[in-house]
Amino acid sequence: MKNRYIYNLDFATLSFFLVNSYFINVGFNVLTINSMTDSIIDIIIGGIMIILFVSLVLWIRKCYDKDLISTIFSFKILKYPLTILLLIIIGISTIYSLTNLTSFIHFYMLKEVDAFTISISLILTIIYLVRKNLPTITRISEICFYIYMFIFILGFIGLYKYIDLSNLKPLLTTSINSHIKTSFTFFNYSIFPIFLLLGLKQDEYENKDNLLIIIFTLLGILTIFLEAILIISVLGINLTNMYQNPDIMIYKKISFLNIFERVEVFLSFNQLLNGIFIITINFYLMKKIIISVIKKEKELIILTLLGILFLFLSNIITISKDTYLFINTLLIFITFFILIRTIIYKYILHLQDQF
């Protein structure tokens, strides 16, 4: 049997992909357009805010010692509106992420395959993973993490001769207001993936010590930071602002030994991983919410209906970045509501049985 450390390592790698979903869901342009080359500094500032928020989320989960769904269902009156609100938020995020990932695969990886077919393939894969439950998802996450790191390092090696650090200049030229806005933008767009950690609690994961999750969150932020430096130093800030996916554009420059062409298709596999894990966790949490009120024997039917629903919604409805930002911001209020409730019951009223 695997020991607790290995179980926690599986779980922690999932936090890495949740944080890195920023790549596929938002992109660098949102940051660089505001702060230009100073955006690399704002990623650090925003990253500190993310770590603080992760620590808060993990502390809340430790206090309740249960997952988000069980926590919400422990409320007496607010469990119904909170459950409905959470389903709406997760649903909007799923449509948004699935649409982005499908478009990305269609445009950069499988141009000859139509978007609808790609969506079906993604949903079938996600349903299979969710059916296997969290232990399988986290084990696959750990394997994919090693693949991700290999591809990431390979990309750096292939782009080494194109790096021009002078493209990072000038630094510290934007206003304080711009730094604050960009840092908060990076943080705000990362709230939903981090919030999902509240919903992931498994008996075999004794997450009394959440250090590994914080470490892998840091690794995710560091990856985003290094990728930003790489993109700007290779393309320059003006081209970085022009491209929707500048990370893929820099990979187009790579041709190992002048033998392997179209290397960017292989290197863009990392972006697929960044997108598929957050959608998988969305499906997993929606399944948990629904089977909390419906018999578990209906799980396959529920997942099938969810898959069909989101297959059509993602091809009909367009969710903007502003909407995605709004639901991220909304989760701040839900998090702080749970935090205040925790403090009142645990430290003021000393009612341990409420947890």
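A: The structure holds two cavities of 30 Å³ or more. This is a predicted model, in which local features need pLDDT of at least 70 and side-chain atom pairs count only at pLDDT 80 or more, while totals for chains, interfaces and linings use all residues. Residues are numbered from 1 along each chain as its sequence is written, and side-chain values use heavy atoms, with hydrogens and water left out.

Q: What makes a space in the structure a cavity?
A: On a 1 Å grid over the protein atoms alone, a cavity is a set of points where a 1.4 Å probe fits but cannot get out. About 70 Å³ of space lies in the largest cavity, a volume being the space filled by probe spheres set on the points.

Q: Which residues are the closest to the centre of the largest cavity?
A: Eleven residues line the largest cavity, and Tyr148, Glu227, Tyr251, Asn270 and Gln271 are the closest to its centre. A lining residue has an atom within 4 Å of a point. Two or more lining residues come from each of α7 (115-159), α12 (246-251) and α14, and α14 gives the largest share, three residues. Helices here are DSSP runs (H or I, at least four residues), numbered from the N terminus.

Q: How is the lining of the largest cavity divided by class?
A: The lining has five nonpolar, four polar and two charged residues. Ala, Val, Leu, Ile, Met, Phe, Trp, Tyr, Cys and Pro count as nonpolar, Asp, Glu, Lys and Arg as charged, and the others, Gly among them, as polar.

Q: Why is α6 called roughly antiparallel to α14?
A: The axes of α6 (residues 79-109) and α14 (residues 269-291) come within 9 Å and cross at roughly 155°. Angles run from 0 to 180 degrees between N-to-C directions, with axes fitted to C-alpha atoms over the stretch in contact. Angles over 145 degrees count as roughly antiparallel (under 35 roughly parallel, 65 to 115 roughly perpendicular, the rest oblique). Therefore α6 is roughly antiparallel to α14. By class, their contact has 17 nonpolar, eight polar and no charged residues.

Q: What is the hand of the crossing of α6 and α14?
A: The crossing of α6 and α14 is left-handed: the near helix is turned anticlockwise from the far one by less than a right angle, whereas clockwise would be right-handed.

Q: What makes α7 roughly antiparallel to α15?
A: α7 and α15 (residues 299-316) pack at about 155°, with their axes 10 Å apart. That angle makes α7 roughly antiparallel to α15. α7 passes α15 in a right-handed crossing.

Q: Why does phenylalanine 310 count as buried?
A: Buried means under 20% relative accessible area, exposed over 50%, and partly exposed in between (1.4 Å probe, protein chains only). Phenylalanine 310, in helix α15, has 4% relative accessibility and therefore counts as buried.

Q: Why does threonine 323 count as partly exposed?
A: Threonine 323 lies in helix α16 (residues 321-348). Its relative accessibility is 29%, so threonine 323 counts as partly exposed.

Key:
1 Å grid on protein atoms, 1.4 Å probe; cavity = no way out; pocket = protein on both sides within 12 Å on 5 of 7 lines; lining within 4 Å.
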